[in-house]
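Student: I have a two-part structure to go through. Can we take the labels one by one and ask what stands behind each?

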Amino acid sequence: MSARTPHPFLVFGFKTTHDALLAEDLLRDVDFDAVPVPTPKSLGSLCGVAIRVPFEQGNVARAELIAAGLPPASEAEIEDV
Amino acid sequence: MRRLRDTTAMNITGSSQPDRTVYLDHAATSWPKPQAVVDAVVEALTRYGGNPGRGAYALAVATGRMILEARQSCAQLLGVADSRDLAFLSGCTEGMNLALKGLISPGDRVIACSTEHNAVARPLAWLASRGVEVVQAQADATGYVDPEVVEHALDARRARAVVCQHASNVTGTIQPIGDIVDVAHSHGALAIVDGAQAGGHLALDLGALGADAYGLSGHKGLLGPQGIGLLYLSPETEPEELLQGGTGSGASELPTQPTARPDRYEAGTPNTPGIAGLGAGADLLRERGEAFRAEERRLVRRLHEGLLEVGGFTVLGPGSGEERVPLVSVIHESIDADQLAFLLDKRYGIAVRAGLHCAPWAHRTVGTLECGAVRLSLGWSSTDDDVEAALDALREITR
């Protein structure tokens, strides 16, 4: 069995599904690789949908969201395989 | 006492029914629904099976996205800058209940226009039984509410809110709603509007109107299916929610309802097919609403004038030269409303509504509480043939 390389991502949590999907739209419109994901347990107080971007895009993506009036309610780093 | 004409000679048997239906009850619910609405409901039932906001698998996200897009389409149609300020509810009745019960407390005073529907009158009666003072602002005999009457009521003593319909489901009267909102605000009162008969039939810009709460039926002029409606709340208006429960968001481990919109007012699994249908209705109205409204105005003028030409009818509400939403209610000098409606249905296949239209306040205001009226109401699918068929039938019945 071959070992797979973990990929780091930043996950943004939002107060509502509405905001999460708006954020996905916004980020995709400016060519971020934004993907809806189940809210990870590290974002604890949220449930439902969160938005994941590659870790290296995280800072710029966060800035885009804040500029658009959609600041994430929380965020966490995860590693995917 | 009114003389009643004997219409039993028309030989209606219990099972007789014309093959066709001329549908003139759009004020109750629009029908037929546009094909795009039907298709959207079917698509929701067949393709959007996931529970929106309750999972991140593709089916649930697709459903959530459909709801997002439907909300945004409704917001664009209604002039709402932030679609989060629109809550999907079961209908305008729930919207009025939420706004009234969520914003008004025992000891408050409320000014309500005297033509309100039971969607407002009954929640107000419930509030009155709990210590809210309800004062009616009297409309005139055409159902028109003069803003000065509202102002006079507000001058007498401070009120928490003014509640007024945008248009009457009985008389078709369009209220001077912008002025009434302004009068309410100038006296420090909230403005709560029942827009059940306005949505789709009037061009709306809720942001510009400035009401604190505005309820809409989704299945009337907005052309969606039954069981869906909208409540607009201005960004500063925060009523207590009627329901608490799951939203798929917020702090799930906490016992309290999240405060973020729209989730605060949408506890429980949403009506996905209803929202899809309403979104399709909003899409259609954004594209063709002006044309629909122009045709409705033309047809309702013809209907109004035609009813006067038939003779024996009194038309409730504004005169024939004045704008109204596309409905006309009438009483006949010798035939009761229920008899007229029955004969129109059984003999001609014409669907109209008789009675008090869930609006006894309005009927009391225009003097028809004891007899009711027959309401003929038009919509996006109405045609000249529909109007002429109704006029011909009424000519024959009343001959």
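Tutor: Start with confidence. pLDDT is the predictor's confidence in each residue, from 0 to 100. This is a predicted model. The mean pLDDT of chain B is 95, and 96% of its residues reach 70 or more.

Student: What is the mean pLDDT of chain A?

Tutor: The mean is 90, and 90% of the residues of chain A reach 70 or more. Among the elements of chain A, helix α2 (residues 58-67) has the highest mean, 97. Strand β4 (residues 74-80) of chain A has the lowest, 90. Where pLDDT is low, predicted coordinates should not be read in detail.

Student: Which scores does the predictor give the complex?

Tutor: The ipTM is 0.85 and the pTM is 0.94.

Student: What makes β2 and β4 of chain A edge strands?

Tutor: Look at the strand order. Chain A has an open sheet of four strands, ordered β2-β3-β1-β4, with antiparallel pairing. β2 (35-38) and β4 each have a single partner strand, so one side of each has no neighbour in the sheet. Neighbouring strands of this sheet are turned by 40° against each other on average, direction ignored.

Student: How do you know that β1 and β3 of chain A pair?

Tutor: Two strands count as paired if there are at least two bridges between them. Strand β1 (residues 7-13) of chain A and strand β3 (residues 49-54) of chain A are joined by four bridges, so they pair. They run antiparallel. In β3(A), A:V53 stands opposite A:L10.

Student: What is the strand order of the sheet in chain B?

Tutor: The order is β2-β8-β7-β6-β5-β3-β4. This is an open sheet of seven strands with mixed pairing. β2 (86-89) and β4 of chain B stand at the edges; each has a single partner strand, so one side of each is left without a neighbour in the sheet. On average, neighbouring strands here are turned by 20° against each other, direction ignored.

Student: How many cavities does a search of the whole structure find?

Tutor: Four, each of 30 Å³ or more. A cavity is space where a 1.4 Å probe fits but cannot get out. The largest cavity has about 200 Å³ of space.

Student: Which residues lie closest to its centre?

Tutor: Of the 16 lining residues, the closest are A:T17, B:I67, B:R71, B:D263 and B:E266. The elements that give two or more residues to the lining are α1 (17-29) of chain A and α2 (58-78) of chain B. α2(B) gives the most, four residues. The lining divides into six nonpolar, six polar and four charged residues.

Student: What is the phi of A:D31?

Tutor: The phi is positive, about 70°, although A:D31 is not a glycine. A:D31 is found in the loop between α1 and β2 of chain A.

How values were computed:
Residues numbered from 1 in each chain as written. Chains lettered and ligands numbered in written order. Predicted model: local features only at pLDDT ≥ 70, side-chain atom pairs only at ≥ 80, totals over all residues. Heavy atoms only, no water. 1 Å grid on protein atoms, 1.4 Å probe; cavity = no way out; pocket = protein on both sides within 12 Å on 5 of 7 lines; lining within 4 Å. Points joined across faces, edges and corners; volume = space filled by probe spheres on them. Nonpolar A, V, L, I, M, F, W, Y, C, P; charged D, E, K, R; others polar. Axes fitted to C-alpha atoms, helices over the stretch in contact; angles between N-to-C directions.
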